[in-house]
Amino acid sequence: MAAWGRSRCLGPNLTALAKGRQVIGVDLQGHGRSSLGDREISLVDMGDDMATVLKSLGYSKVDVMGYSMGGGVAFQLAAQHPEMVRRLVLVSAGFSQDGFYPEMLPMQAAVGAAMAEQMKGTPMYESYMALSPRPQDFPKLLDRMGALMRKPYDWSGDVKKLTMPTLLVFGDSDMFRPEHVVKFYQLLGGGLKDAGWQREHMARNRLAILPDVTHYEMGLAPALAVTVIPFLDKAEKK
């Protein structure tokens with residue numbers, strides 16, 4: 001699950017992940033080859049959608065990775081259906097709206113159908129025109145994405161529902177404030193004490209900060225797969 005709901009924005013990282021595991025890439029509601037439909041765009045609803053997809057494919061437990069908007073959906077899948085998630089990777093995804101830098105909020109609030117014309121020629125627009133079953137819905141998608149981003153959210157109380165081993169990955173130049181990143185890790189039980197000489201106080205969950213990476217570059221950053229794969233490949237302790 002990826003930024004703006006299109007798995008292909010993970011580029012070579014998807015290929016790297018697929019070398020050692022089966023990868024299921026999902027185009028979220030209104031993105032890629034998935035139709036927009038009539039309902040509002042909700043990360044909570046799409047978290048449930050992912051559980052439905054997995055059940056329909058016959059999977060009872062999987063590793064889950066989501067980037068940006070897809071990270072929010074992965075969070076909700078894991079929080080609502082923890083029994084279905086073995087390991088969780090949240091990439092450039094926060095737990096509340098105040099995690100963004102303040103200057104991001106007006107830009108997010110401005111997203112809407114009026115932007116459709118000026119987005120012609122952008123990768124997002126061209127991809128939508130090429131893949132969507134209803135290319136004419138692009139302005140509607142922008143309206144619904146704007147409505148989603150204008151809606152305040154705070155999932156701090158839901159972090160405790162992430163009972164599976166979890167890896168947070170952010171860029172050192174991400175759109176999320178460093179304080180928010182640290183708080184997220186602390187809510188997961190990390191960064192609260194020294195790990196100890198023998199790692200006896202080592203937190204269960206992990207935090208990775210990739211150097212020289214912005215939020216927008218994360219999906220194509222070579223360091224992403226290198227960071228994620230060892231975490232996903234780790235066997236659970238019996």
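Reader: How many bridges join strand β3 to β4?
Author: There are 6 bridges, and the two strands run parallel. Strand β3 covers residues 166–173. Keep in mind that this is a predicted model.

Reader: Which residue stands opposite Leu 168?
Author: Leu 207, in β4.

Reader: What is the order of the strands in the sheet?
Author: The order is β1-β2-β3-β4, in an open sheet of 4 strands with parallel pairing. The edges belong to β1 (62–67) and β4 (206–214). Each has a single partner strand, so one side of each lacks a neighbour in the sheet.

Reader: And how are neighbouring strands turned against each other?
Author: By 15° on average, ignoring direction.

Reader: Switching to helices. Where does α3 lie?
Author: Across β1 and β2 (85–91). Helix α3 spans residues 69–80 and runs at about 145° to β1.

Reader: Now the inside. How many residues has the largest nonpolar core?
Author: It has 48 residues. Those with the most contacts inside it include Phe 75, Leu 90, Leu 162 and Phe 184. Elements that each supply at least two residues include β1, α3, β2 and β3. The largest share comes from α3, with 7 residues.

Reader: What is Phe 75 in contact with?
Author: Leaving aside neighbours within four places in sequence, Phe 75 is in contact with Leu 90, Trp 155, Asp 158, Val 159, Leu 162 and Phe 184.

Reader: What lies apart from that core?
Author: Another core, of 17 residues. Among them are Val 89, Val 91, Val 169 and Val 228.

Definitions and conventions:
Residues are numbered from 1 along each chain as its sequence is written. This is a predicted model: local features need pLDDT of at least 70, side-chain atom pairs count only at pLDDT 80 or more; totals for chains, interfaces and linings use all residues. Side-chain values use heavy atoms; hydrogens and water are left out. Two strands pair if DSSP finds at least two bridges between them. Axes are lines fitted to C-alpha atoms, for helices over the stretch in contact, and angles run from 0 to 180 degrees between N-to-C directions. Contact means heavy atoms within 4.5 Å. A nonpolar core is a set of buried Ala, Val, Leu, Ile, Met, Phe, Trp, Tyr and Cys residues joined through side-chain atoms within 4.5 Å. Buried means under 20% relative accessible area, exposed over 50%, partly exposed in between (1.4 Å probe, protein chains only).
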